[in-house]
Amino acid sequence: MRLRLRQRPPRPKPPRVSELLSQTLQEWQEERIGFGVLVDSIHERGFGALILLAALPCMIPLPVGFMGGIFGTLLSLIGLQMLAGFDHPWMPGFVRRIQIPKTSVAKFVHVLDPWLLRIEKLCKPSWTFFLTRHAHRFTGFLLVFLGIELALPVPMTNMPFAMAMIGYAMALLERDGRWLAALWAVTLIQFGAAFWFGDWVVMHLGGVIDSVRG
């Protein structure tokens, strides 16, 4: 008599970040919502969800200045926590108290959700050696410098950095080492280009100053 092994039913997939945000927005009655409230709604999803949420204000034209500086600092803080080996992210109070228009958050979620669905279809768990603890620390190291670049007062750079943040977030959420390896390469190339451009600017600026003095 043959014994039939019972197959375990597949575990239900946890709710997506956009679904958690939409539910929080529906339950929130005021016109503005605190960034800390949004963080609390996705806190259990870890660093990937928080990185995705940190990209939110960088893609929305908010009437609050220095968004790149504030959330670039937040991204560096997330990277430092990953570099230090934290299991769950922590946020300072001044970031949690930032108020964002509820309609802007809803519009962001509505526009971004189809793209996240497409990315999720492309992502799948792979190359797990890029997701070990040591690799996790290296990802944090890169995010520290990515946050520093985002915080610099350079115009028209928020959107590209926000897209890179979304890429890192989805790679971590879906545990896709292939995406993470590609993002590592792009970030390192970006760092090299930034240093080269900075040296070029300093060199030419020095020449202009010498010409003015002459």
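The model is predicted, so local features need pLDDT of at least 70 and side-chain atom pairs count only at pLDDT 80 or more, whereas totals for chains, interfaces and linings use all residues. Residues are numbered from 1 along each chain as its sequence is written, and side-chain values use heavy atoms, with hydrogens and water left out.

In helix α1 (residues 17-27), the buried residues are V17, S18, L20, L21, T24 and L25; buried means under 20% relative accessible area, exposed over 50%, and partly exposed in between (1.4 Å probe, protein chains only). Helices are DSSP runs of H or I with at least four residues, numbered from the N terminus. Seen down the axis of α1, the buried residues fall within an arc of 160°, so they line one face of the helix, the arc being that of the directions from the helix axis to the C-beta atoms. Q26 and E27 are exposed on the face turned away from that buried side.

T139, in helix α8 (residues 133-151), is buried with a relative accessible area of 0%. Leaving aside neighbours within four places in sequence, T139 is in contact with M82, Y168, L180 and W184, where contact means heavy atoms within 4.5 Å.

The whole structure holds 7 aromatic pairs, in which ring centres of Phe, Tyr and Trp (its six-membered ring) lie within 6.5 Å; planes under 30 degrees apart count as stacked, over 60 as edge-to-face and the rest as tilted. Two of them are tabulated.

| Pair | Centre to centre | Angle between planes |
|---|---|---|
| F138 and W184 | 4.8 Å | 75°, edge-to-face |
| F141 and F145 | 5.0 Å | 65°, edge-to-face |

F138 in helix α8 and W184 in helix α10 (residues 177-213) are 46 residues apart.

Methods: Helix = DSSP H or I, 4+ residues; strand = E, 2+ residues; numbered from the N terminus.
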